[in-house]
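Student: Could you take me through a few features of this model and show me how each is read?

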Amino acid sequence: MDQPDTTTCVIVGGGPAGVMLGLLLARAGVEVTVLEKHADFLRDFRGDTVHASTIRLLDELGLGEGFRALPQSKLGNFKLPARGKEVTLVDFDRLKPPYDYVAMVPQWDLLNFLVDAAQQEPQFTLRMNTEATGLLYDDGGKVAGVAYRTRDAASGEETGTGELRAMLTVACDGRSSVLRQKAGLVPREFPVPFDTWWFRLSRGADEQGQLASIMPRFSGTDVLLSLTRKDFYQIGYIAEKGKDPQMRSEGVESFRARVARIRPDLADRVDEIRSMDDLHLLDVKLNRIKPWHKPGLLLIGDAAHAMSPAGGVGINLAIQDAVAAAQRIARPLLQGTLGEADLASVQKRRWFPTVVIQNVQLLIQKAVFGPAVKGQLVGPPAPVVFVLRHAPWFGKLPALMIAFGPRPEHAPDFARRKPAMNRKPV
């Protein structure tokens, strides 16, 4: 094994939470190393929503102009079919500009953009092809870093192992967190009745530039949700959990016919689904751990709380976790005084919005997706339809919930930048 090296904070996972936290801590002057097991960020159908609270955060960080230059589209209003008509459940048009929308941005573009910004800070290091495999402990039982292995970018073959010691280890390694497992933290699982299969279909030349509202289509036990991207439709097929083996055994022709039946307007392009390999299964989970920390270890984002795709809020919550964490741990890391109370304060700040959003998602599952995948959905509850039709302003409330969340965070003063602004001390 190679000789161990050291850093002040090691972040495991180069997703939105990990890279954002690395950027913020580096701007505070904290030496931080982010480990990402893949060679790049190019993976389809990761969460691509960038919410209004994140857009505002990027403005506060001096990155708004660069972000808006990235390829992107805007998420349309969310509507539900109701007795032959439609009602608007989520109305982004009622939010105050310029933070009146949710952007759809390929996650690899967002991550590369944030990494470019972070790499302008000398305290930031990103190690690709580096997978954390376990936790290191000091003599007192405190987490003191990670063991890792590296792989060749081209062949994927293992090229070495090592240890990286740190004052703080942050797990941002997702819903299947290796570090969470190694720490013996077991999440509380909530029942989820459905899974989602993502795929894409092209947009015709006459469809370019359209901002379509989002309205799920229901047919028997099938649900289809279409998101309008810059030059294609990102489509989610939603069905009962555990149905994946049956669908794949039925073959691609059967699946094409299913899509064409639900969306006849897309029947002319379903042959773009070349095989069942073009369907990317999201095994939907809804869970959370308690606590989010142990001595020397903090978990945020999906590692601490996996979210349902309902509302696409998982990325937003993860980034908000990162901001709250940076605000509370930067100074103790710089002063060498970091303790469990500092880590507990992160969870205390973010626990309320996590529980609120998860409870809302459980309610949506019970009222919409659960009945839908069993063929029992006859439409939105009558009281909901009445309110939406007679009090259309009500659509602003779920729009605020999706765009900002219950407790949106602002950039710490030490991380804010303008083109000619000098770094502020923590």
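Student: Where does Asn 129 lie?

Tutor: In this predicted model, Asn 129 lies in the loop between β8 (124-127) and β9 (130-137), where helices (H or I, at least four residues) and strands (E, at least two) are DSSP runs, numbered from the N terminus. Residues are numbered from 1 along each chain as its sequence is written, local features need pLDDT of at least 70, side-chain atom pairs count only at pLDDT 80 or more, and totals for chains, interfaces and linings use all residues. Side-chain values use heavy atoms, with hydrogens and water left out.

Student: What is the phi of Asn 129, and is the residue buried or exposed?

Tutor: Phi of Asn 129 is near 55°, a positive value in a residue other than glycine. Asn 129 is buried, with a relative accessible area of 15%; buried means under 20% relative accessible area, exposed over 50%, and partly exposed in between, with a 1.4 Å probe and protein chains only.

Student: Which strand does β2 join through bridges to β8, and how is such a pairing defined?

Tutor: Two strands pair if DSSP finds at least two bridges between them. Here 4 bridges join β2 to β8, and the two run parallel; in β8, Phe 124 is the bridge partner of Val 32. Strand β1 (residues 5-12) is also joined to β2 by 4 bridges, again parallel, with Val 10 opposite Thr 33 in β2.

Student: Which way do the residues of strand β2 point?

Tutor: From strand β2 (residues 32-35), Val 32 and Val 34 point one way while Thr 33 and Leu 35 point the other way, and all are buried.

Student: How should I read a pair of aromatic rings?

Tutor: A pair of aromatic rings is described by the distance of the centres and the angle of the planes. Rings of Phe, Tyr and Trp (its six-membered ring) pair if their centres lie within 6.5 Å, and planes under 30 degrees apart count as stacked, over 60 as edge-to-face and the rest as tilted. By this rule the count comes to 5 aromatic pairs. One of them is the edge-to-face pair of Phe 199 and Phe 255, at 5.5 Å centre to centre with 80° between the planes. Phe 199 lies in strand β13 (residues 194-202) and Phe 255 in helix α7 (residues 252-262), so the pair ties together parts that are 56 residues apart in sequence.

Student: Are Phe 199 and Phe 255 buried or exposed?

Tutor: Phe 199 is buried, with a relative accessible area of 1%, and Phe 255 is buried too, at 2%.
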